[in-house]
Amino acid sequence: MAELSSAGAQMSICLLQRRETALARRHMDSRWQALNNRRMADPLSLFWAPVCAIGSHGAAGPNAQICVSVFGASVTPERPRLLVTLWKDNFTHDLVAASEALVITVLSEPLAGLVPRLGLVSGRTQDKLAGTGFELTLRGDPYFPGGAGVADCDVLRAFDLGDATSFLVAVRERRWLSDSPVLSRARMHELLGGDFAERWEEKLRRSLPGYREAMAWG
Ligand SMILES: Cc1cc2nc3c(=O)[nH]c(=O)nc-3n(C[C@H](O)[C@H](O)[C@H](O)COP(=O)(O)O)c2cc1C
């Protein structure tokens, strides 16, 4: 009996030691993660959404742009809302403002090639959708079936930020599209490489003076 209880005590000590080691390892992992995060990027990059395509339509047909400013905006589960911020000089911005509807495709890694096409040039000057494999919602808004997920939305309110408009949208329907990994902004840069990064920087350089002038700040 005494032997049994001493064996039991030893087992408890052993379990406790194992638990402490696991906790210590987890603590080290999270410290390493925190250091790594700091090395990688500006902490504000934590607020970028996965890379999304926002589709809408007008009299001239459908159009879509890239957007990383999409945020959850509901507590009430049966009334899902999102906040989508679109820069005013984008053609898609005007289509969304006029039609009061948009569709969001959360892009997947295999669709990274769509980013330069939808995110660096404007549908004002060319048909960006040709050959992209897009499909239309019942309302005529374009989405990309190879993406990770899709959400069909109605605009509820529009908030003027000066340089951009934040559209508060109600999600009317959503579903997963595939099992492919979601395209993060970091992965997008890895997949698209230096040529894309240069074209993106160049686009920003051209646009920033105008945005600085127009934005609400102070
Ligand atoms: C990685 C990436 C992220 C972007 N994020 C946004 C964004 O959050 N909001 C926005 O309005 N435009 C964003 N853009 C820019 C638009 O996609 C871009 O200006 C596009 O050419 C607009 O097309 P359109 O004029 O046909 O609407 C982003 C572009 C890229 C490449």
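Modeller: Gladly! Let me start with strand β2, which is mostly covered, as 5 of its 7 residues are buried. Buried means that 20 or more other C-beta atoms lie within 10 Å of a residue's own, exposed means 12 or fewer, partly exposed is in between, and C-beta atoms are placed from the backbone. Helices (H or I, at least four residues) and strands (E, at least two) are DSSP runs, numbered from the N terminus. This is a predicted model, where local features need pLDDT of at least 70, side-chain atom pairs count only at pLDDT 80 or more, and totals for chains, interfaces and linings use all residues. Residues are numbered from 1 along each chain as its sequence is written.

Biologist: Which residue in β2 is the bridge partner of H57?

Modeller: Strands β1 (residues 52-58) and β2 run antiparallel and are joined by 7 bridges; strands pair if DSSP finds at least two bridges between them. The two form a hairpin, with 2 residues between them. Within β2, H57 has as its bridge partner P62.

Biologist: Which element gives the largest share of the shell around the ligand?

Modeller: There are 21 residues around the ligand, and F91, T92, G119, S122 and G123 come nearest; a residue is near if its C-beta atom, placed from the backbone, lies within 6 Å of the molecule. Elements giving two or more residues to this shell are β2 (61-67), β4 (81-87), α2 (91-99) and α3 (114-119). The largest share, 4 residues, comes from β2.

Biologist: Is T165 buried or exposed?

Modeller: T165 is found in strand β9 (residues 164-176). Leaving aside neighbours within four places in sequence, its contacts (C-beta atoms, placed from the backbone, within 7 Å) include L86, H93 and F159. T165 and H93 are 72 residues apart in sequence, yet 7.8 Å apart in space, C-alpha to C-alpha. Because 20 other C-beta atoms lie within 10 Å of T165, this residue counts as buried.

Biologist: Where is the kink in α4 centred?

Modeller: Helix α4 (residues 185-214) has 30 residues, and a straight helix of that length would span 44 Å at 1.5 Å a residue, taking 1.5 Å times one less than the number of residues. Instead, α4 spans only 26 Å between its end C-alpha atoms. There is a kink of about 115 degrees, where the bend is the angle between axes fitted to the seven residues ending at a residue and the seven starting there. That kink is centred on G193.

Technical notes. Two residues are in contact if their C-beta atoms, placed from the backbone, lie within 7 Å.
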